[in-house]
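Give the cut-offs along with each term.

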Amino acid sequence: MDGYEEALREALRRVNENVGSPDLEAVGPDTNVFDQVDSMTIVDLLLETETLLEEKTGAYVPLADETIFDASASPLRRWSDWVAHVERHHER
Amino acid sequence: MNDETPRARLRFANAAISGIVTTVGEKTVRFEEEGPALGLEPGEIARLQRAIGLDSRQIVAGGETTVDLCEASARRLLAGLGVAAETVTGLILVTQTPDHSAPASAIALQHRLGLPVTSMAFDVRLGCSGFVYGLALAYSLVEAGLERVLVAVGDVASRFVDAADHAVAPIMGDAGAVALVERRPSESVFELYSDGSGGRALYIPNSGIRVDPADEGRASVMTMDGAAVFNFTLQRVPDLVTGIVEAAGRTVDEIDYFVLHQPNKYILKNIQKRLRIAEEKLPMATQSVYGNQNSASIPGTISGFLGDAYSNRRLVSAFAGFGIGLSWGACVVETDRIYAPPAFVGLE
């Protein structure tokens, strides 16, 4: 689906309304989301992202797996990895 | 896991649940009212409501203990089934909040219920995996020859949390549930797991006789590493559920209900979607109404939301409990029109 990244940026923008992190206002390929937020915010981001993508694609795809909260392997440590993670899950 | 690994898999042919009763704490606490008292902003309150499913919970109103809640459930259960306490010869109490460190609270409960002195009674110190573990023990005792065993599970968790900890305090509910297991032909299978390397993901420091310098000065309240617990759940629980269904020789479609421990709505929805379980087969609302009931969450979910189905139909169910320890376990059991009234609120 084209526009995955657009949806992910929108999800992060919405979540950041509660977090208020200036570093998350403009993400680049190497932005580390994981270190900027707490675990509850990550759950919120997962929910927001899953909901937005369900609206766009008509399919609910759970995005959380055992890597999400892994301190060294989480795809949220690098924005481009997060985009790839979401694309991979949606295209299974 | 590789099936050649030695494992705690138990199969039974002559034990079954006859009834389940749950008693929850009398006091209703609404998260919208509690959130500001915890110092939470409206946005954070909304976030927690959405991610966890926090709405309200039931806690004890005064000094009631787990034993009190379980006694109320046991009396209601025995009366509802027309079973005399004198005919019960096994009582297992699964709790992290006993009346005292010693003696075992199960023995106090044995006396209060009027079980004969020829009965056996003992405590099991487990949390969210506790109902499955307790049920496995009860099935073992019945399979080995006892006619009737009570499994009592629960915690007054509201009393072992830091009221100011907004990650833990607003999720805990108080409940005591009891199931009666009796001897009759019925097939079931259990698989039980443990991993002490994750012990610090959920624990109460300075709560036993070990003095750990790392815990010096820390309050004896439940602490939780949310990320570690979340990771553990997503790593272990999907395989736990698919594994037990396979061990039972069944498919997901042949299971009538998946009654899982209820930590939060997001995790349950994730598991439901990943395992392609029909939404109506995997209840997820217990946390939102009653709070996290620890070892009582599986019977609590049945009492809270599935009583009609369990009372009126023959069912094949998968139960799965997972959490503190780390400890996890699942079973597939058959029930046939058991005594399963709605949850009782309060002791009276």
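Predicted model: local features only at pLDDT ≥ 70, side-chain atom pairs only at ≥ 80, totals over all residues.

Residues are numbered from 1 along each chain as its sequence is written, chains are lettered from A and ligands numbered from 1 in the order in which they are written, and side-chain values use heavy atoms, with hydrogens and water left out.

**Interface**

Contact, taken as heavy atoms within 4.5 Å, joins 19 residues of chain A to 17 residues of chain B. The two chains bury about 1700 Å² between them, with 62% of it on carbon and sulfur atoms; buried area here is the accessible area (1.4 Å probe) lost on putting the two parts together, summed over both. On the side of chain A, the residues that lose the most area to chain B are Met40(A), Tyr60(A) and Phe69(A), which together make up 31% of what that side buries.

Between the chains there is 1 salt bridge, a term for a side-chain nitrogen of Lys or Arg within 4 Å of a carboxyl oxygen of Asp or Glu. Its partners are Glu66(A) and Arg274(B), at 3.8 Å from N to O. Helix H2 of chain A (residues 39-57) gives the most to the side of chain A that touches chain B, namely 9 residues; helices are DSSP runs of H or I with at least four residues, strands are E runs of at least two, and both are numbered from the N terminus.

**Pockets**

A pocket is an open set of points on a 1 Å grid over the protein atoms alone, where a 1.4 Å probe fits and protein lies on both sides within 12 Å along at least five of seven lines; lining residues have an atom within 4 Å of a point. Volumes are the space filled by probe spheres set on the points, which are joined across faces, edges and corners. In the table, Ala, Val, Leu, Ile, Met, Phe, Trp, Tyr, Cys and Pro count as nonpolar, Asp, Glu, Lys and Arg as charged, and the others, Gly among them, as polar.

| Pocket | Volume | Lining by class |
|---|---|---|
| Largest pocket | about 890 Å³ | 10 nonpolar, 13 polar, 8 charged residues |
| Second largest pocket | about 580 Å³ | 23 nonpolar, 10 polar, 3 charged residues |

Among the 31 residues that line the largest pocket, Gln96(B), Arg125(B), Ile204(B), Ser207(B) and Gly208(B) lie nearest its centre. For the second largest pocket, the lining has 36 residues, and Ile52(B), Ala167(B), Ile171(B), Met224(B) and Gly226(B) lie nearest the centre. The elements that give two or more residues to this second lining are H2 of chain A together with helix H2 (42-52), helix H6 (226-247), helix H7 (265-274) and strand E13 (314-323) of chain B, and the largest share, 6 residues, comes from H6(B).
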